Amino acid sequence: MLRDLSGRRALFQQVIRFSIAVAIAASIAMLLVMAIPSSQRPANQDNASLSATWQSVKSSVLPAPQPQPARRTATLAVQDGSGFTNDPVPLGIHVGSPPPDAYVSINGLTAAARLTSGKRVGPSEWRVSATEISGVSVIPPDGFTGQMLVTAELRDGNGVALTGTSTRLTWAPVPKAVAAPPVAAPAPIAAAPVAAAPVIAPPPVAMAAAAPPMPAVRQQAEVVRSLDPKEIAALIKRGQDLLAAGDVQSARLVLMRGAEAQDARAALLVGTTYDPARLRQMGADGPLADVAQARIWYQRAKEWGEPDAQRRLDALALSR
């Protein structure tokens, strides 16, 4: 019995050794097939069959490599902005191809300034999501005029800085209306010296007729400014927006600045802020209307080449 068991065990061990030897031989044969150049292989070797067999074995053992998507580079673009006192000014920052959870670190704002979106993390530092930064504006402190040099740094979700730049934001004071020049009072008439002989004074009617007529005084002083055409266009655009919103007084102040640069279109729009008929159409009639001022600015617009000015003057004359 014991001898029978020992024989079976020896046979089993020989089978295992034979299997290991066959596996080793097959591996060596495969390596030799891959290492021997095709020119040195036997003529009856099926190259296509060997290659297909190797690819099948390799695909079953090693997973196929997955294609890696092309990595896009994040970009940070900025544009300087400007506005008037107390107006929100767009931050002017745009992020292209941001990585996941990226944000922009904003520095350089004054202590009392704030953003329309984002989170304040320090006295002058804000953090805004890269996907929201393009729509953010800066609200300045009350009455602030001047500049803020704002720095922007794009960071990934781990806080690693990717790129950075800066932008300049400017707030200018709102232009003030030009006050009318004071009208000089007529010089008093000196009394005639007392003479021995009685002097007959001319009748009052005769004196009034003899006195020269007082020249008409313009109620609006002409101020000429030297402005860039782009700045004039921006003033006109802002004035039109304010008129559309019904803020006639603010529109008049803004448009007056462009009209003082002798821009015909700006002068025509200034006249609109005084024209009673135009104001009634905007629902802003009343103390804002002034026919004399409207005529002055329409006339200036006509002199400076505005083709619509004469029609406005004719309509103003018919409305009286």
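## Largest pocket

On a 1 Å grid over the protein atoms alone, a pocket is an open set of points where a 1.4 Å probe fits, with protein on both sides within 12 Å along at least five of seven lines. Grid points are joined across faces, edges and corners, and a volume is the space filled by probe spheres set on the points. The model is predicted: local features need pLDDT of at least 70 and side-chain atom pairs pLDDT 80 or more, while totals for chains, interfaces and linings use all residues. Residues are numbered from 1 along each chain as its sequence is written, and side-chain values use heavy atoms, without hydrogens and water.

The largest pocket holds about 480 Å³ of space. Its lining (residues with an atom within 4 Å of a point) comprises 16 residues, of which Ser82, Gly83, Phe84, Ala234 and Arg238 are closest to the centre. Two or more lining residues come from each of strand E2 (81–84), strand E11 (161–172) and helix H4 (229–244). Helices (H or I, at least four residues) and strands (E, at least two) are DSSP runs, numbered from the N terminus. H4 gives the most, with five residues. The lining divides into seven nonpolar residues, three polar and six charged; here Ala, Val, Leu, Ile, Met, Phe, Trp, Tyr, Cys and Pro count as nonpolar, Asp, Glu, Lys and Arg as charged, and the others, Gly among them, as polar.

## Sheets

Six strands form an open sheet of mixed pairing, in the order E2-E11-E10-E5-E8-E7. E2 and strand E7 (119–120) are at the edges with a single partner strand each, so one side of each has no neighbour in the sheet. Two strands pair if DSSP finds at least two bridges between them. Strand E5 (residues 103–107) and strand E10 (residues 146–155) pair in the antiparallel sense over five bridges, and Asn107 has Thr151 in E10 as its bridge partner.

A further open sheet has three strands in the order E3-E9-E6, with antiparallel pairing. Strand E3 (89–90) and strand E6 (114–115) are its edges; each has a single partner strand, so one side of each is left without a neighbour in the sheet. E6 pairs with strand E9 (residues 137–139) over two bridges, and Leu115 stands opposite Val138 in E9.

H4, from the pocket lining, packs against helix H5 (residues 248–259) at about 165 degrees, with the axes 8 Å apart. Axes are lines fitted to C-alpha atoms over the stretch in contact, and angles run from 0 to 180 degrees between N-to-C directions. H4 and H5 are therefore roughly antiparallel (angles over 145 degrees). Their crossing is left-handed, that is, the near helix is turned anticlockwise from the far one by less than a right angle.

Helix H6 (residues 264–272) and helix H8 (residues 291–303) also pack at an angle of about 165 degrees, with axes 8 Å apart. H6 and H8 are therefore roughly antiparallel, and H6 passes H8 in a left-handed crossing.

Conventions:
Parallel < 35°, antiparallel > 145°, perpendicular 65-115°, else oblique.
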